[in-house]
Amino acid sequence: MGKILVCDDEKDVLKVVKEILEPEGHKVITVSSGKECIEKAKDTKPDFIFLDIMMPHMDGWETLKELKKNEELKHIPEIGRASCRERV
């Protein structure tokens, strides 16, 4: 199956996504920041990137913009995810 790079600043999300995708035969690589995502994408050339939109420092939109500037990475399909948590 495919090599999937998952970028999210929430460790629980990384764990759940990995637990869902690995049994399906995918190699899952996890990172917790936009900067790490760009570096890891350059190193591993994933088939797909699952990207959190709402992250500190470099958000998902900024990360995506940087990925698309790179000739070797701009073809990689990605999906963005955003979650909002309301604390009561």
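In the predicted model described here, the buried residues of helix 2 (residues 34-44) are G34, C37, I38, A41 and T44, where buried denotes a relative accessible area under 20%, exposed one over 50% and partly exposed the range in between, for a 1.4 Å probe and protein chains only. These residues lie on the same side of helix 2 because they cover an arc of only 150° around the axis, the arc being that of the directions from the helix axis to the C-beta atoms. Helices (H or I, at least four residues) and strands (E, at least two) are DSSP runs numbered from the N terminus. The face of helix 2 turned away from the buried side carries the exposed residues K35 and D43, and the helix is followed by K45, whose phi is positive, near 50°. Residues are numbered from 1 along each chain as its sequence is written. Because the model is predicted, local features need pLDDT of at least 70 and side-chain atom pairs count only at pLDDT 80 or more, whereas totals for chains, interfaces and linings use all residues; side-chain values use heavy atoms, with hydrogens and water left out.

The cover over the buried residues of helix 2 includes strand 1 (3-7), strand 2 (27-31), strand 3 (48-52) and helix 3 (60-69), contact being defined by heavy atoms within 4.5 Å.

Four strands form an open sheet in the order 2-1-3-4, with parallel pairing; two strands are taken to pair if DSSP finds at least two bridges between them. Strand 2 and strand 4 (78-81) stand at the edges with a single partner strand each, so one side of each is left without a neighbour in the sheet. Neighbouring strands of this sheet are turned by 15° against each other on average, direction ignored, where axes are lines fitted to C-alpha atoms, for helices over the stretch in contact, and angles run from 0 to 180 degrees between N-to-C directions. Strand 3 and strand 4 pair in the parallel sense over four bridges, and D52 stands opposite R81 in strand 4. Helix 1 (residues 11-21) packs on the sheet and touches strand 1, strand 2, strand 3 and strand 4, its direction making about 175° with that of strand 2, while helix 3 lies across strand 3 and strand 4 and runs at about 150° to strand 3.

Within helix 3 is found T63, which counts as buried because its relative accessibility is 0%. When neighbours within four places in sequence are left aside, the contacts of T63 are G34, C37, I38, L51, M55 and M58. M55 belongs to the loop between strand 3 and helix 3 and is buried, with a relative accessible area of 8%. With neighbours within four places in sequence again left aside, M55 is in contact with C7, D8, D9, S33, G34, G60 and T63.
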